[in-house]
Amino acid sequence: MVAPMQSEALPVGSSRPEVKSRTVSHYQLAAFISLWMNFRRWACWLARATTGHPAFAHSVLPQPVSQPITRSSLAGSREFAMGSRRRAATSALGSPAATPLTPPAPPPPAAGPASPVEPSNGAAASAADANTVVPRPSKRRRGSAAAASAAAAAAQLAVPLSAAVPEAAPAAAEDVVPASLTIDTEEVVQEQHSARGRSRRGQRRVAGGPRAELPEQGASQPEAAANEEEEEPAGKPKRKGGGRRRAPDPPPLNELPSEELLARLRSEGYTPPPLPVPNLGYACLNMALRECKPPIFTSRDCIQRTLKAKGLPHLGELFLANARDLALLIQWNHEHGIRLFRMSSVLCPWMGTVAMEEMPQFAEISAALRLAGDLARLYGQRVTFHPSHFVKLAAPDEELAAKSMQELEAHSQIMDLMGFDAASPENKINIHVGGVYTSHGSKEDTMRRWAANYGRLSPRCRARLTVENDDVASAFSLQDLLFLHSLCGVPLVFDFHHHKFCPGELSEREALLAAVKTWPQGIRPVVHWSESQAGRKPHAHSDYVRGPIFLHGLEGQVDVMIEAKCKERALLAYRGDIPFPAVQEEAAGPGTHDEAPEALEASE
C-alpha cells in the first residue's frame, strides 16, 4: 500500500514541479482485462484437453490412444482453442525430416482359409499430410450449434481414429498431425464461407437441430451423413390470432327451442301450471346465459359509424342473432319456473330509426320472433318492454316527439311479429312521461301534451302503452299521473322504490291501490320492486333484493318485476333456489312501509 505523499513547504515565489500522472488509461485497463480473460480461457482449454474432458470426446484434435500427449502435440489444440488465423497445426508439418504417423501393420493371418487383406493407407496419408491443416471454427459459428456442425463435418470428411499408435514411433512423429484427422482445406474454407451467410436457424438445421446428437467416434461415414441430413420436423402452422379456439358451450337447457319442440308440446296438450305467488320476473339480461361461450343475449348493437360502413345487412345480422337468442331465454325461464320477463329494447338495433322490412334477413327475423312468441304463449310466460328514457312523448320539440313515437311503434311491431294479436297491456310497453318542461308550462300542461301525442299513436301501440311514476321529487308522482290517466285512460305502473323519493301526498298503500284500479279488467297489473344498496346512490338499484316484498295483500293479484343488477340470480336467490353471496352489504329497504302488516289486515 502506497503512503500518501506529504506536502512540503515551498519557498515564496516558487512553483510546485509538475508530477506525471500515474493513472492507468481506460484503454490500458481494457487491454489488461482482455489479456487476463484470454489467458484464463486458454488455460481452461488446455486443462480440459490434457485431462480428457468429455467435451473433447468427438473433437477433431489429436488424441492418441497409447501415446501420452506432449506440449508439442497440443499445439494444434491451442490453435483451435484460440481461434487464431494461423492454419498450421505445428511447426513440424513443414519439416522435411518429419515422417507421418502411420497405423500399425495388420497382424499376420491365422492358420486356416485365407482372408482378404485390407490395403494399408499409410502412403496416401503421408502424401496428404503436407497440404493438410487443422480446421478452426468460423467466428460466426460459435456455441453448441457451431461446435456440433464442425464436429459433424469433421467426422464426415475424416477417417475414424480406430488404429492404435505404435509404441515404437519415431520421436519426430510426436509433432506430426495424424493423417486420419486431416480435412481438405478447400472444403473447410467453403464451409466457413457458407456459414457466414446463414442465419442462426439455418446453422441449427445443418447441425441437425439445436440439440442434435453427434455421430459416435466409431460410426461409419454413411451413418454420419444420414444423421446430418435429418432435419427438424416442421411444426403445424399456427392459427392467426393465437392457439386453438375453444369449442362452443352447449346452452344450459334441457331442451332446445325449435318448431319440433313446439309441435310436440301442442300434440301432447301441454298447459302451463298455475302462476306462483307472488309472480316474480326479471329484466332484459340473463347472466347465466350471458356467460356461456358463445354468449346468449338479446342486446347486440352497433354505433352509427359501423351502421354507415356496413349498412342494413350488418344490422339485420345483429337483429337476427338477438331474435334467435330470445327463444333460448324464454326456454330457460320456463325450465326455471319464471313467468314474467322484460325483453331488451335493443332487441332490434336502432329501434325506430330503420324500417325492419328493409333488412335483407327480415323473413328469418320474423320466423325467429314468431317462434319465441309461440313458446311464450304456450308456457304462459308474460313478456313486456321498457323503452329507454330518451323516449319523450311530451317533448315540446316536434322532431323529438316524432322520433319517440316511431320508437314506440317499432316496439309494438315486434309484439305483432311475435304473434300477440290481441294488443293489450298484457304485453305492456312501459315508459315515463319524460321531462317536466317547466319553461313550457306546468306539469298539467306537459301531461296534456303527452296525452295529445298518445292519441297520434296507432291503436295497437296505444293499447299496449303504460306509464310509470318517477323517482325525483320534482317529477311525476303516482298522484300526478292520476290526472294523466283521466285525460287518456293509460294504465299506471307503480314503482315501490321510486315512490320513496317522489311520494306526493299518497301513502305507499294508497298509491298502489290507485295504480291497480287504472288497469283494464282481466289484465294483471304490473308493479316494480327494487332496493338501494350501501355504497351507492340511494336511487341506484342493488345487486340483490332481500325484501320482504310486501304487496299490501295483493300478492296473488299483481305481477312483480324485480329490478336488480344481478338479474335472474337476484330472483332465484330471493325465492331460495340459490344462496345469497357470502359477502353482501346490507341493503336499505325500498319504500318504507307506511303501516304495519297487522294494521293493514285489520283495516281491511
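In this predicted model, helix 8 packs its contact residues Glu259, Leu261, Leu262, Leu265 and Arg266 against helix 11. The partners on helix 11 are Leu371, Asp374, Leu375, Leu378 and Tyr379. Of the residues in this contact, 7 are nonpolar and 3 are charged. No polar residue takes part.

Two packed helices are described by the angle between their axes and the distance between the axes. Helix 8 spans residues 259-267, and helix 11 spans residues 362-379. Their axes come within 11 Å and cross at roughly 30°. Helix 8 is therefore roughly parallel to helix 11, since angles under 35 degrees fall in that class. The crossing of the two helices is left-handed.

Arg266 of helix 8 and Asp374 of helix 11 both belong to the contact. Arg266 and Asp374 are also members of a salt-bridge network, together with Arg370 and Arg377.

The structure holds 21 salt bridges. One of the pairs joins glutamate 255 to arginine 264, with N and O 2.2 Å apart. Glutamate 255 is partly exposed, at 34% relative accessible area. Arginine 264 is likewise partly exposed, at 33%.

A further salt bridge connects glutamate 426 and arginine 382. Here the closest N and O atoms are 3.8 Å apart, and the cut-off for a salt bridge is 4 Å. This pair links distant parts of the chain, 44 residues apart. Glutamate 426 sits in the loop between helix 12 (398-417) and strand 4 (429-431). Arginine 382 belongs to strand 3 (residues 382-384). The two partners fall in separate accessibility classes: glutamate 426 is partly exposed at 29%, whereas arginine 382 is buried at 4%.

Aspartate 559 and arginine 524 form another salt bridge, their closest N and O atoms lying 2.7 Å apart. Aspartate 559 lies in strand 8 (residues 559-562), and arginine 524 in the loop between helix 17 (508-516) and strand 7 (526-529), so the bridge ties together parts 35 residues apart in sequence. Arginine 524 is partly exposed, with a relative accessible area of 22%. The limit for counting as buried is under 20%.

How values were computed:
Residues numbered from 1 in each chain as written. Predicted model: local features only at pLDDT ≥ 70, side-chain atom pairs only at ≥ 80, totals over all residues. Heavy atoms only, no water. Axes fitted to C-alpha atoms, helices over the stretch in contact; angles between N-to-C directions. Helix = DSSP H or I, 4+ residues; strand = E, 2+ residues; numbered from the N terminus. Parallel < 35°, antiparallel > 145°, perpendicular 65-115°, else oblique. Left-handed = near helix turned anticlockwise from the far one by under 90°. Contact = heavy atoms within 4.5 Å. Nonpolar A, V, L, I, M, F, W, Y, C, P; charged D, E, K, R; others polar. Salt bridge = Lys/Arg side-chain N within 4 Å of Asp/Glu carboxyl O. Buried < 20%, exposed > 50% of the residue type's maximum accessible area, 1.4 Å probe, protein only.
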